[in-house]
Amino acid sequence: MHSINTTVSHHSRLNSGFLLSGDNSKKPSRKYMDYLVVLQLMDHKMEGAPNLNLLRCFRTLCCKGPPTPRPEYDVVCIGLTGSGKTSLLSRLCSEAADNIVPTTGFSIKAVPFQNAILNVKELGGADSIKKYWSRYYQGSQGVVFVLDSASSEEDMEAARTELHSALQHPQLCTLPFLILANHQDKPAARSVQEIKKFFELEPLARGKSWILEGSMVENMDAVKESFAQLIHLLEEKDQETGRI
């Protein structure tokens, strides 16, 4: 029966005295040490254990590569001031909800999800900014449109106009859309079906890739599920592009 000291000395010679040199400035790599442990186990023959287990052990310790990187998608987020775009994105990024102010120009957030990262470019919704939205559409792979489902008739009309414009814009018309009817927790909130009818989505968006869901910051699990549906559409779009 070998002693552990004997085993270490034997395999240290494979590394030209690397472990026995006494030079503390040189430290063995983690991968080398894992390899050494496996060799020690093999020297002891691990009585009663089949060689297959040794191979699995070796693969686990030494051959595990880095995790597969998550795909990233560039998404533009638009909607009128007060629709709740900034609050939703801040909560998705686990940022503090204190002192949230309306976006006056644009901001970009990397929003992490389990199977993808969305680089969301949020555009301010004020009248002085809306006319410049189209300048920031280039390079987008998807669209998030947020509306206040409890807003006045006038604001709902304005939101419908902006959504129709986005759905028909040359740089966005072929992209997946996630439409969030936000503030569903407010007493005056319109239902998703009412929003769908009011915005005339069936005739306007027929043949396009879109999702309409209700949302509120008090139920972020539902918001995350809505974004998961958008990611699925983005993945399908990627696959279609790859086949062309």
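In which helix does alanine 158 lie? In this predicted model, alanine 158 belongs to helix 6, which spans residues 153-168.

View A. Alanine 158 counts as partly exposed because its relative accessibility is 25%, a value between the limits of 20% for buried and 50% for exposed. Helix 6 lies across strand 1, strand 4 and strand 5, and runs at about 170° to strand 4.

View B. The strands form an open sheet of mixed pairing, in the order 2-3-1-4-5-6. Strand 2 and strand 6 (210-214) each have a single partner strand, so one side of each is left without a neighbour in the sheet. From one strand to the next, the twist averages 20°. Strand 1 (residues 72-78) is paired in the parallel sense with strand 3 (residues 117-123) over six bridges. Within strand 3, isoleucine 117 stands opposite glutamate 72.

**View C. Helix 4 against the sheet.** Helix 4 (residues 85-92) is mostly covered, with six of its eight residues buried; among them are Leu88, Leu89 and Leu92. This helix lies across strands 1, 2, 3, 4 and 5, running at about 155° to strand 3. Serine 94, which follows helix 4, has a positive phi near 60°.

**View D. A nonpolar surface patch.** Phe106, Ile108, Tyr132 and Tyr136 make a nonpolar surface patch of about 380 Å². Phenylalanine 106 is found in strand 2 (residues 106-112) and, at 41% relative accessibility, counts as partly exposed.

Technical notes. Residues are numbered from 1 along each chain as its sequence is written. This is a predicted model: local features need pLDDT of at least 70, side-chain atom pairs count only at pLDDT 80 or more; totals for chains, interfaces and linings use all residues. Side-chain values use heavy atoms; hydrogens and water are left out. Patches are made of residues with over 30% relative accessible area and no salt bridge: like charges are joined within 9 Å, nonpolar side chains (Val, Leu, Ile, Met, Phe, Trp, Tyr) within 5 Å. Accessible areas come from the Shrake-Rupley method with a 1.4 Å probe; for residues, only the protein chains shown count as cover. A salt bridge is a side-chain nitrogen of Lys or Arg within 4 Å of a carboxyl oxygen of Asp or Glu. Helices (H or I, at least four residues) and strands (E, at least two) are DSSP runs, numbered from the N terminus. Buried means under 20% relative accessible area, exposed over 50%, partly exposed in between (1.4 Å probe, protein chains only). Two strands pair if DSSP finds at least two bridges between them. Axes are lines fitted to C-alpha atoms, for helices over the stretch in contact, and angles run from 0 to 180 degrees between N-to-C directions. Contact means heavy atoms within 4.5 Å.
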